[in-house]
Structures are given as structure tokens and as C-alpha cells.
Amino acid sequence: MPSPHNPSRVCFFGDSQIASARLAMTEGLTSVPDDVDIEFWGATGPAFRQIEWRGGAMRATGAALEIALTINGRGRDHLAPGDFDTFVFYGARLRTAEFFGPYLQWHAAHGTFPSAAALHIAARTFMDDNRAYRNAVTLAAHGARVIFVPAPLYTNGVTDLHARGRFLHAYPRASEADADARAVLWQAMTAVARSGGVTLVPQPEDTVTNGVLTKAEFACEGAVEVGDTGHKSAAFAARWLQDVWPLVTDLRQAA
Amino acid sequence: MHPYENLGSHAYWKTAVAEPGAHGLSGLWTPKFSIKPRHRIVTAGSCFAQHIGRALSDRGYDWTDCEPAPPFLRGADARGLGYGVFSFRTGNIYTPSMLRQWLELAYGIRPEDPEVWEKEGRFYDPLRPAIEPGGFASADEMWAARRVTYAALRTAVETAQVFVFTLGLTERWKNRTTDVEYGLCPGTVAGTFDADQHVFQNASLRQTDRALNGALRLMRAKNPRLKVLLTVSPVPLTATASGAHVLVSTQYSKSVLRAVAGETASHLAYVDYFPSFEIITHPIFRGMFFAPNMRSVVPEGVATVMKHFFADQTRVFGAPKARKLQPEQVAAPVGEADVKCEEELLNAFAA
């Protein structure tokens, strides 16, 4: 039994996507495990780029610092490896769709994926291109326990994704993908993350539709009005967090 | 009056070679057909063909990659897996018979042989054992990758306007029972050498000629407008299994390939021969285009070859109109070490 006097400290770090996770918790849509103390930290919009690894910690500068302090609400101006028992990177600009779109298109065109070795290198390149992911690996290398929940697939039914310049215009055949094909890509990403000491949590299959999209029911509030295919609802976050909490607990027990 | 009167200066050694010297040579090639930047060009063959593809691409020519690297596989990672090296992911095709074999397999003319090489739980393609340096995860994965390459090869043949093929070797290893020609000798990179099954052949002039012309006929049947530019790799053999000295074996191989290329170009209107072999290896250049190992071709050699290529095209057909390039169409510079030469793996066996 965890001690009530020594709660597990968990930090959710991310961009605007963490809002849905917070809402899921405050609205009681997800059951935070007992004896877990959660903080949020991060920055929204372009300010997210002003968070970098410096001096042994993730630090925010400029507008990002102000936003991070507001999100956190406890005066924390940086994240160091020992500050928390577990870091949950949430969203954090690791846009799953940018990897899934071209690869599911490739799969449909060729009837197969490239070799597992090629896919592993590609997944590593895709993930290493993302600064937050690099920071996650750095945190892990400094002994922190890190879980990564990448940005979800774009939402179906919000806007015409087949229109010129939109996602399905570029990757029309990605919508032919089935769960097996998606599983191959998740496997590649989780394997890369594992090699970096990070536990990556795939988007739950029951939230996916049309091959490569998130079900319309998980759109964020007002998504259609503003054409927001990226952000999701609190219910969506609650569903994904169902898969995250056991890992938080497991990691805590393993400590 | 006799035939040697009134010939151009190019016909006399004194005026064409001795007086201008190595750096003053011109008119080495009188191309049969124009190769313009807008023409869709594909390249295949031995190591040296990689230089030609990249040089054409760098000059804004439409060198076409029919099997581009999958997304997020870039630069050295992609080349390490055989992407972007030739116009399709066959790896080096050293012999004309290997080209014919690839084509026959891609078009289903030749039955697929189920042979797969296994080493320490990884699977290797006998036609291109070095294409996945760590091997494939399974035989199924290997066959899936092979089918992708077949499709790319068909696309290349059927959509190209110019097919550049560099002949590299006459020495080859085959399976005695199935007649499959291997990319490399079994047992060197993967596979297990079996003296009863694996047979060495050093192709004769006639065999080489038959193989090359068979490949050309097949390609023209699929694309009657296709033009073919032949070159011979100036790169010597890494090793020979012929029993002769490697220098003598090299000379045999190159002589056969050069003769077949020349003979083929002389009787087929759609085939031309470009003398990159002569530019690199001729004594007039005193070996200056070889690295100290007298095998690798230095960048200056490639540059000189391509200078002659473009100059002679311009001399005969006029200056080409530049093609507007998209930023992603500009190839990254590549060093000598980036040229993929699987045959060099045999160096590991040098005492």
C-alpha cells in the first residue's frame, strides 16, 4: 500500500493538449490512482518552442515561462529529473498523424511496410526530430521515469480533410488502414521510445476511425466552428488516461 | 588519295591526344542521341553508375528514383539500406546476366526461386544480400521487399526515356540446380557456401553478349522508345575467384565488358556507349583518377567523366535548356565513402 504521507509525484508536461487531460481529471471523468499527486507544466501555442533543456533541467523562457507558471500554479519554473517520480509527456507536438499518414499511404500503395529495420530508423528519425521527445529521452537518461502520450490522430468529421493541402489529400489511402497496420507503426514508435528509456502509450484503438483518424465524438468543444482537428475532448483524454494510469502505478511499484 | 587523308584532328593520336594532353582532350564521345535535363533517366549497374546518377541529378537532369526511401528515412540512413543509390533498390547489378535475371523475375518471365539465406536468425536476399545490412526480420519480409523492388524496376523500364547501365564484372556465382545468379558469393555476407551447389563462372564474351542483349530486348519490348546508355566501370575487381591474378582477371573482365558494350552499341540504334572507362583508365591520365589503392575513383575522376559527358552532348546537340528544380530535387553532395560497392565486402577476406 502506498503511504499517504509519501504520495507519488507525477508531472503532466505538454502543450495545449494537456488541457483535455486536466479537464478529464477535474470533471471526474478519470480516476486518478490513489496517492498520486499531479502537477501540470508546459506552454501552449508557439511559446511551447521556448522550452528547452538547459543546465540539467527543462526550462521555459519568455512567454513560455509565464504560461508554464500559470499552468502549474505552484510556482515551478523548471522541471529537473528528480522533481517528480514520473513525468507524463502529453501531446507535446509529437504528432502521430505526421508519421502514420505517410506510412499508411505507403502501406496501401505497396501492400506491405518497409522492413522492420527501416521502419525503426524512420520512427527514430521522426521522434528525434521532436524537441520534446528529445527532452523526454534526456530526462530518462538522468534517471527520471518518463511516459509519453503523443498528440492524437486528427479528428474525423470536423472539416474536410480531403481538401487540397489537408491531411487526407496528401495521404488519401491512409484511410484504408486497419488495426493491424496501425499496430505495426505503434510497435515501431514504442520500440524506439523504449530504447530511449521512455514508455510510449499508443492511442487506444477504440478511439480510431476511418483508418487514420480519431472518432468525431472525441472532438473538442467547438471544434467544427473553428475547424480544430487537433484538440480533443475531456472524454477522449479520460479514455487514453485509462491506459496511462496502470503504467504510473507500475512504475511507482517498480521504484 | 587514301582514307587517312583529310580526317579530322580527332583521328590522329598526335593531334587528338599527344598535343592536347590529358586535360585538353575533347570529342571523346559523339553521342547518338540527345540526353536532355527533361528526359527521365534511370541508372543501374555497378558502383560507378552511382556517380553518374548523382552527377546528372546535381546538374538538374531528371534522374529518377523509382523506389524512393520511405518517409523519414534520410541521407546516410536511406543509402545504408540501399535507397537512393540506384533508380531502384537492387543494389549493385554487376553483370549483364544479373540485369537480365532481375528483369525476368520482375516481369514473371522467370519463375521465382524460394531460396533465402539465413544467418543468426536474420534473413538475407540472395540477389542483394547487402541491401539490409542487418538482414530482414523474416523470409516474408524479404519477399515483400523484393516485390516492391520488382514493381519499381518495372516502373523504371516502362517510364524511363534513358536507361543508363554500367557493366561491372564478368565473374559471378550461380546455383548449379536452380541457375539463380547471386548478388555476391554465398558465405561472404550471408548464406552458406556449398561447393556442390554454388558454382563460379567467369562469363565469356559470348555469354556476356547474350545476357546483355537479352536484357535490352526485354526492356525494349516493354518500352519501345527506351534508349540505353552503356558504360563500363573502371573500378578493378576487389577479388577474383578465377584462379588468375586479380590484375589479370580485372583486365579480362573489363575487356570482355568493353567489347560487348561497344559491339552492342555499334549494331543497335537505340544503344550508345559512353567512354567513362577510357577516361578513368587510359594511360594518358597516368592513373591520376585513382586513389592510392589504385581501385577507388577519386571525385576529380568522376568530375572529368561528367565534364566530357556534358561537353560532348552540347557539342553535338547544343546547350540543353535547364529544367526548373524544386528544392527537394537537389541531391545532397556525396563523398566517395558514400558509394555503395558490395563487392568491396570481399576485402574482408584478404589475408
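Two strands pair if DSSP finds at least two bridges between them. Helices (H or I, at least four residues) and strands (E, at least two) are DSSP runs, numbered from the N terminus. The model shown is predicted: local features need pLDDT of at least 70, side-chain atom pairs count only at pLDDT 80 or more, and totals for chains, interfaces and linings use all residues. Residues are numbered from 1 along each chain as its sequence is written, while chains are lettered from A and ligands numbered from 1 in the order in which they are written.

**View 1. Strands S1 and S6 of chain A pair in the parallel sense.** Strand S1 covers residues 8-14 and strand S6 covers residues 86-95. Five bridges join them. Which residue in S6(A) is the bridge partner of Gly14(A)? It is Tyr90(A).

**View 2. Five strands of chain A form an open sheet.** The order is S2-S1-S6-S7-S8, with parallel pairing. Strand S2 (36-42) and strand S8 (198-200) stand at the edges. Each has a single partner strand, so one side of each is left without a neighbour in the sheet. From one strand to the next, the twist averages 25°. Strands of a sheet pair through backbone hydrogen bonds, either parallel or antiparallel.

**View 3. Helices H3 and H7 of chain A cross.** H3 spans residues 96-110 and H7 spans residues 179-195. Their axes come within 10 Å and cross at roughly 130°. Axes are lines fitted to C-alpha atoms, for helices over the stretch in contact, and angles run from 0 to 180 degrees between N-to-C directions. Phe99(A), Phe100(A), Tyr103(A), Leu104(A) and His107(A) in H3(A) face Ala181(A), Leu185(A) and Met189(A) in H7(A), in contact (C-beta atoms, placed from the backbone, within 7 Å).

**View 4. Ile51(A) lies in strand S3 of chain A.** This strand runs over residues 51-54. Why does Ile51(A) count as buried? Because it has 26 C-beta neighbours inside 10 Å. A residue is buried if 20 or more other C-beta atoms lie within 10 Å of its own, exposed if 12 or fewer, and partly exposed in between; C-beta atoms are placed from the backbone. Beyond its neighbours within four places in sequence, Ile51(A) is in contact with Ala43(A), Met58(A), Ala60(A) and Ala64(A). Phe167(A) is 116 residues apart from Ile51(A) along the chain, and their C-alpha atoms are separated by 27 Å.

**View 5. Chain B touches chain A.** Here 15 residues of chain B are in contact with 14 residues of chain A. Helix H5 (residues 139-159) of chain B gives the most to chain B's side, with four residues.

Notes. Two residues are in contact if their C-beta atoms, placed from the backbone, lie within 7 Å.
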